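Here is a short briefing on one protein model. It covers the core, a loop residue, the salt bridges and some backbone angles.

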Amino acid sequence: MMMICFIQHLVQNFIQYEVVLSDGQRGKIVMPNKKEPARPLIMVNGGFVDLAQRKDLTIVEMYY
């Protein structure tokens, strides 16, 4: 339980980080996912990619 709490707080710090997804798309983290902290909502080209729904995608790079 303590690890989950730590991860949830850590993910809050990544909001607005730029990311590259496994399919090459670039975007920004806009909202963490409480149930799956490693799979946030990403804004890409004016739309959104919910990594919790898109299990085929992952974050491969992250920039501040």
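Buried means under 20% relative accessible area, exposed means over 50%, and partly exposed lies in between (1.4 Å probe, protein chains only). By that scale Asp56 is exposed, at 54%. The model is predicted: local features need pLDDT of at least 70, side-chain atom pairs count only at pLDDT 80 or more, and totals for chains, interfaces and linings use all residues. Residues are numbered from 1 along each chain as its sequence is written, and side-chain values use heavy atoms, with hydrogens and water left out.

**Nonpolar core**

- The largest nonpolar core has nine residues: Tyr17, Val19, Leu21, Ile29, Ile42, Val44, Val49, Leu51 and Leu57. Such a core is a set of buried Ala, Val, Leu, Ile, Met, Phe, Trp, Tyr and Cys residues joined through side-chain atoms within 4.5 Å.
- At least two residues of this core come from each of strands E1 (18-21) and E3 (41-44). Strands (E, at least two residues) and helices (H or I, at least four) are DSSP runs, numbered from the N terminus.
- Beyond its neighbours within four places in sequence, Ile29 is in contact with Phe14, Ile15, Gln16, Tyr17, Val19, Pro40, Leu41, Ile42 and Ile59. Contact means heavy atoms within 4.5 Å.

**Asn33**

- Asn33 sits in the loop between strand E2 (26-31) and E3. Asn33 counts as buried because its relative accessibility is 19%.
- The Asn33 side chain reaches two backbone nitrogens: that of Lys35 at 2.9 Å and that of Glu36 at 3.0 Å.
- Leaving aside neighbours within four places in sequence, Asn33 is in contact with Arg39, Pro40, Asp50 and Ala52.

**Salt bridges**

- The whole structure holds two salt bridges. The criterion is a side-chain nitrogen of Lys or Arg within 4 Å of a carboxyl oxygen of Asp or Glu.
- Lys55 and Glu36 form one of them, at 2.7 Å from N to O. The pair links distant parts of the chain, 19 residues apart: Lys55 is in the loop between strand E4 (47-50) and strand E5 (59-63), Glu36 in the loop between E2 and E3. Glu36 is partly exposed, at 28%.
- Asp56 pairs with Arg54 in a salt bridge, with the closest N and O atoms 2.8 Å apart. Arg54 is partly exposed, at 35%.

- Gln16 has a positive phi, near 80°, and is not a glycine. Gln16 lies in the loop between helix H1 (2-12) and E1. Its relative accessibility is 46%, so Gln16 counts as partly exposed.
- Asn45, also not a glycine, has a positive phi of about 50°. Asn45 lies in the loop between E3 and E4. Asn45 counts as exposed, at 76% relative accessibility.

Note on methods. Polar contact = N/O pair within 3.5 Å; in protein donor to acceptor, adjacent residues only side chain to side chain.
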